[in-house]
Structure formats: structure tokens, C-alpha cells
Amino acid sequence: MTKNMKQVTIYTDGACIGNPGPGGYGTVLLYNGTRKELSGGYRKTTNNRMEIMAVLAGLRSLTESCRVTLYSDSRYVVDAMSKGWAESWRDKGWKKGDKTPAMNPDLWEEMLDLSECHQVEYRWVKGHAGDPENERCDELAVAAAKGVDLARDEVYEEGRKR
């Protein structure tokens with residue numbers, strides 16, 4: 001990857017009303033003075049799935065390889081990616097070190113693939129601690145979870161590959 005890649009900052013958050021329950025994600029992308037907000041909701045899902053979906057929404061929206069600084073208040077997301085856990089789970093057939101199934105392999109697989117297209121640095125930010133972009137992502141995620149005509153998280157609802 002070249003030094004001339006665009007530098008993008010992404011903030012993400014997921015929310016669930018009940019866990020499982022209706023869920024949503026919020027994503028804010030910042031690039032060169034431009035701001036883009038993304039959100040979506042699902043009728044039945046989990047908080048962890050929404051945390052991952054927020055990241056996926058941001059990475060999917062990039063149209064070329066970028067250097068990305070990605071902020072999440074989810075240790076699950078940040079540690080799984082920055083400490084290599086997700087890659088290890090994939091290498092072990094979506095099993096964790098204790099041989100139990102890794103949850104959400106469908107989403108981790110896509111995140112790993114998208115992360116190979118970009119230079120992503122995952123950073124943890126404390127949630128609900130006044131970071132304006134994290135707070136905005138939370139607002140977007142909660143509003144999406146409370147929306148009407150929510151999408152179906154088919155993998156979760158059908159119990160496939162989780």
C-alpha cells in the first residue's frame with residue numbers, strides 16, 4: 001500500500017434494545033473536512049453484531065484503499081482485530097482457543113477481508129464519556145434500533161453460521 005493513500009477517520013457504535021432485541025449501528029466517517037453519517041437497524045440481533053456492523057458499514061463505504069483510524073467503544077471489536085483474535089478464529093475454523101465456536105463468523109470474515117483492502121488501525125475509545133463523535137454514533141445507533149420496518153438480520157434470526 002502506498003504512502004499516498006487517503007487518511008480516513010471512522011467512528012462506530014452499535015446498540016441493542018434488549019440483547020438480543022432490536023438493534024442498530026451508527027458510523028461517522030471523516031475525510032478532508034467532509035463528514036458522512038451512516039446508520040441502519042435490525043429487528044432482532046445482538047449488541048456485538050451491531051458493533052461489528054458499524055465497522056463494516058464504514059469500511060464498505062470506502063471506494064478505494066485508505067489508511068483508516070477506526071474508533072470503537074467495543075473492546076470485542078478492537079481487541080479481536082488489533083490482537084489478531086479474529087484471524088486466529090478464522091484459521092481454526094471459527095473456533096476459539098478453548099475449542100468453543102467463535103460467534104459472528106459471517107461478520108468477522110467480511111471485516112477481515114475489508115481490513116486487507118485498507119490499512120486499518122483500531123483504537124478503543126471509552127463509550128459515554130463525552131467524545132463527540134462516539135456520542136453521535138451512539139445517537140445514530142439507538143435511533144436506528146428504535147426505527148420502524150427494521151431489516152432482518154437473517155444470519156442471526158435463522159441461527160446460521162453464528
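## Close-up views of a predicted model

**View 1. Helices α1 and α4 pack side by side in contact.** The axes of α1 (residues 47-60) and α4 come within 10 Å and cross at roughly 30 degrees. This is a predicted model. Angles under 35 degrees count as roughly parallel, so α1 and α4 are roughly parallel to each other. The crossing of α1 past α4 is left-handed. On the α1 side, the contact uses Arg49, Ile52, Met53, Val55, Leu56, Leu59 and Arg60. They meet Asp106, Leu107, Trp108, Glu110, Met111, Leu114 and Ser115 in α4. By class, this contact has nine nonpolar, one polar and four charged residues.

**View 2. Helix α2 crosses helix α4.** Here the pair is α2 (residues 75-82) and α4 (residues 105-117). Their axes come within 12 Å and cross at roughly 55 degrees. α2 and α4 are therefore oblique to each other. α2 passes α4 in a right-handed crossing. From α2, the contact takes Tyr76, Val77, Ala80 and Met81. From α4 come Trp108, Met111, Leu112 and Ser115. Seven residues of this contact are nonpolar, one is polar and none is charged.

**View 3. The largest pocket.** Its volume is about 240 Å³. The lining holds 13 residues. Closest to the pocket centre are Val8, Leu29, Tyr31, Ser61 and Leu62. Three strands each supply at least two lining residues: β1 (6-16), β2 (21-31) and β3 (34-45). What classes of residue make up the lining of the largest pocket? Six are nonpolar, three are polar and four are charged.

**View 4. A cis peptide bond at Pro20.** The bond joins Asn19 and Pro20 and is cis. Its omega is about 10 degrees. Where is Pro20 placed? Pro20 lies in the loop between β1 and β2. Strand β1 covers 6-16 and strand β2 covers 21-31.

**View 5. A positive phi at Asn32.** Phi of Asn32 is near 50 degrees. That is a positive value in a residue other than glycine. Asn32 sits in the loop between β2 and β3. Of these two strands, β2 spans 21-31 and β3 spans 34-45. Both strands also contribute to the lining of the largest pocket, with at least two residues each. Tyr31 of that lining is among the residues closest to the pocket centre.

Terms used. Residues are numbered from 1 along each chain as its sequence is written. This is a predicted model: local features need pLDDT of at least 70, side-chain atom pairs count only at pLDDT 80 or more; totals for chains, interfaces and linings use all residues. Side-chain values use heavy atoms; hydrogens and water are left out. On a 1 Å grid over the protein atoms alone, a cavity is a set of points where a 1.4 Å probe fits but cannot get out, and a pocket is an open set with protein on both sides within 12 Å along at least five of seven lines; lining residues have an atom within 4 Å of a point. Grid points are joined across faces, edges and corners, and a volume is the space filled by probe spheres set on the points. Helices (H or I, at least four residues) and strands (E, at least two) are DSSP runs, numbered from the N terminus. Ala, Val, Leu, Ile, Met, Phe, Trp, Tyr, Cys and Pro count as nonpolar, Asp, Glu, Lys and Arg as charged, and the others, Gly among them, as polar. Axes are lines fitted to C-alpha atoms, for helices over the stretch in contact, and angles run from 0 to 180 degrees between N-to-C directions. Angles under 35 degrees count as roughly parallel, over 145 as roughly antiparallel, 65 to 115 as roughly perpendicular and the rest as oblique. A crossing is left-handed if the near helix is turned anticlockwise from the far one by less than a right angle, and right-handed if clockwise. Contact means heavy atoms within 4.5 Å.
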